[in-house]
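Here are some friendly notes to read alongside the structure. Take the points in order, and keep the model open as you go.

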Amino acid sequence: LPEIREYERTSTTVINAYVQPVVDAYFRSMESDVKELGMDTPIMVMQSNGGMIPSETARQFPCHVIESGPAAGVTGAYHLAKRMGIENVITLDMGGTTAKAAMIEDGEISRSPEYEVGGELSIGHRLLKGSGYLLRVPSIDIAEVGAGGGSIAWADAAGALKVGPSSAGAKPGPACYGLGGVEPTITDANVHMGLTNPEHLAGGALKIHPDLADKAINDGVASRLGIDITAAAWGIRVVANSSLIRALRAVSTERGRDPRRFSLIAFGGMGPVHALDLAAELGITKVVIPPLPGLFSALGLLLADVEHHLIQTQYSDTSKLDYDSVHGVIDKLMNEAVDMLEREGYDTAHRSVALSADTRYVGQDFALTIPLPGRKLDPAILAEFVEEFHQEHTKTYGYDSRDEEVQIVALRCVARGLPDTPRVPEQLKIDPLKGWKPSPSRRCYFGPDRGWIQTPVMTRHDLGAKPVEGPAIIEEDNSLTVVIPDWKAHLDEWSNIVVEPK
């Protein structure tokens, strides 16, 4: 890690060395198996920064792939947003154990230069530091909270309702699965309220037991708090939503961004179940549920580009910049990036290189990453760069100090290998699941103000360009979307469910 900060360099190197033998053996075995199957094709691996690298590179630098799972979903949302012409997006990826949020602003994914792994606390690196091991590699800036479909609800000694971070996991899972779970979860609460199908999930493959959900909620929460099961179920949903909102705010308001300027793309098996509640709370007026929401991170793997992120420490005060020194580092980084892409088969027409600089006011501990417009700097370009830093500092921290010295502390280079044709199709059509159709309606609970409402239930394929007004439930085999009252949903040309206020 050719960068300042001895602890960060040491920690990153140790983590890379620690996981390398396992990752190396894993991918060597996979490469061998693929060849035995007669498939003469490279294996590409998702990185924590949202780009792909060949398995040979991943074997050498496994530190770049440790947080790759959540990155794939954000990458998919990034490409989807580009196709839709949306520049400002907050993503919500809610699964069975955790929920994760990230931000795309002005068409670019927000990234962090470091994160922690192996922590004992379940909330993520954006919200709390110090519990894990520091990894100083670029990663998508993700906030994570312990709120998923399997998160367990409980009442503490003072009589306060809590949700998570403990999870029922895949086995035994929520009580309603009938696999031995006895503790109430978010999924059990949604089943009781009819917001999740109380008969079966996964296109009929998983039978649901609402009586077991009710018993778990009653024994674990309602009886302890002296309230009925419906009030307890709604309370579980409200508390879970408050955790989810915490993650969304961590990547927006805590970074000086107004969430009302953003659209919300929600995916994961549980993301669309809660997305509209969160959007209404934050003032977001457009929610997009992509095709295959429960499998969207896997889809994101197919849309990602090959990327290499390089960095080199370079201390330079902008008021007396040593242009030759800076240009020397830029040339070194770009030549290294081009060499890596050429070795992977990307010629001049199939690669792009972007430069940026970690920048701060002299004396600050942390820096902001600001794009550089090109390979060669001059006083006019440098002045524009400094002005952009001031503006970004104001966005992030609420102020700037234009009379203070601005200092570059490191230079970055992102090299991308580009395919012959776009990886994102013009349209994406999902065939309906054969032999399965949800019930046409069911009673759903939308809180003490609205109560129980007989709610129409449909599939994504039942939607069209004409909006369907909420309340409504849109079911599919890998997730379902809860359209709350006072919102309306329609299907766009990319098979997205687009939901907006009436």
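**Notes on the predicted model**

1. Ser 495 belongs to the loop between β26 and β27, and it is a residue other than glycine with a positive phi. Because its relative accessibility is 6%, Ser 495 counts as buried (buried means under 20% relative accessible area, exposed over 50%, and partly exposed in between, with a 1.4 Å probe and protein chains only). Helices (H or I, at least four residues) and strands (E, at least two) are DSSP runs, numbered from the N terminus.

2. Before going further, a word on the source: this is a predicted model, in which local features need pLDDT of at least 70 and side-chain atom pairs count only at pLDDT 80 or more, while totals for chains, interfaces and linings use all residues. Residues are numbered from 1 along each chain as its sequence is written, and side-chain values use heavy atoms, with hydrogens and water left out.

3. Now look at the partners of β26 (residues 487–491). β26 and β27 (residues 497–501) are antiparallel and pair over 5 bridges; two strands pair if DSSP finds at least two bridges between them. Trp 487 stands opposite Pro 501 of β27. Strand β23 (residues 468–469) is also joined to β26, by 2 bridges and in the antiparallel sense, with Lys 488 of β26 as the bridge partner of Glu 469.

4. Which residues make up the covered face of β26, and which the uncovered one? Trp 487, Ala 489 and Leu 491 are on the covered face, whereas Lys 488 and His 490 are on the uncovered face. In a regular strand, side chains alternate between the two faces of the sheet.

5. Another sheet is open and has 4 strands, in the order β21-β22-β24-β25, with mixed pairing. β21 (441–445) and β25 (479–483) are at the edges with a single partner strand each, so one side of each has no neighbour in the sheet. From one strand to the next, the twist averages 30 degrees. Within this part, β22 (residues 452–459) and β24 (residues 472–476) run parallel and are joined by 3 bridges; Glu 475 in β24 is the bridge partner of Thr 459.

6. Turning to the helices, α3 (residues 68–84) packs against α8 (residues 296–303) at an angle of about 70 degrees, and their axes are 7 Å apart. That makes α3 roughly perpendicular to α8 (angles under 35 degrees count as roughly parallel, over 145 as roughly antiparallel, 65 to 115 as roughly perpendicular and the rest as oblique). Axes are lines fitted to C-alpha atoms, for helices over the stretch in contact, and angles run from 0 to 180 degrees between N-to-C directions. The residues of this contact of α3 with α8 comprise 6 nonpolar, 7 polar and no charged (Ala, Val, Leu, Ile, Met, Phe, Trp, Tyr, Cys and Pro count as nonpolar, Asp, Glu, Lys and Arg as charged, and the others, Gly among them, as polar).

7. How do α5 (residues 210–225) and α6 (residues 229–250) pack? Their angle is about 80 degrees and their axes are 9 Å apart, which makes α5 roughly perpendicular to α6. Among the residues in this contact are Asp 214 and Ile 217 of α5, and Ile 229 and Ile 236 of α6; contact means heavy atoms within 4.5 Å. The contact of α5 with α6 divides into 7 nonpolar residues, 1 polar and 1 charged.

8. Is Leu 278 buried or exposed? Leu 278, in helix α7 (residues 271–282), counts as buried because its relative accessibility is 0%. Apart from neighbours within four places in sequence, Leu 278 is in contact with Leu 92, Asn 241, Leu 244, Ile 245 and Leu 248.

9. Finally, please check two cis peptide bonds. One joins Gly 164 and Pro 165, with omega about 0 degrees, and Pro 165 is in strand β12 (residues 161–167). Another runs from Lys 171 to Pro 172, with omega near 5 degrees; Pro 172 is in the loop between β12 and α4 (186–192).
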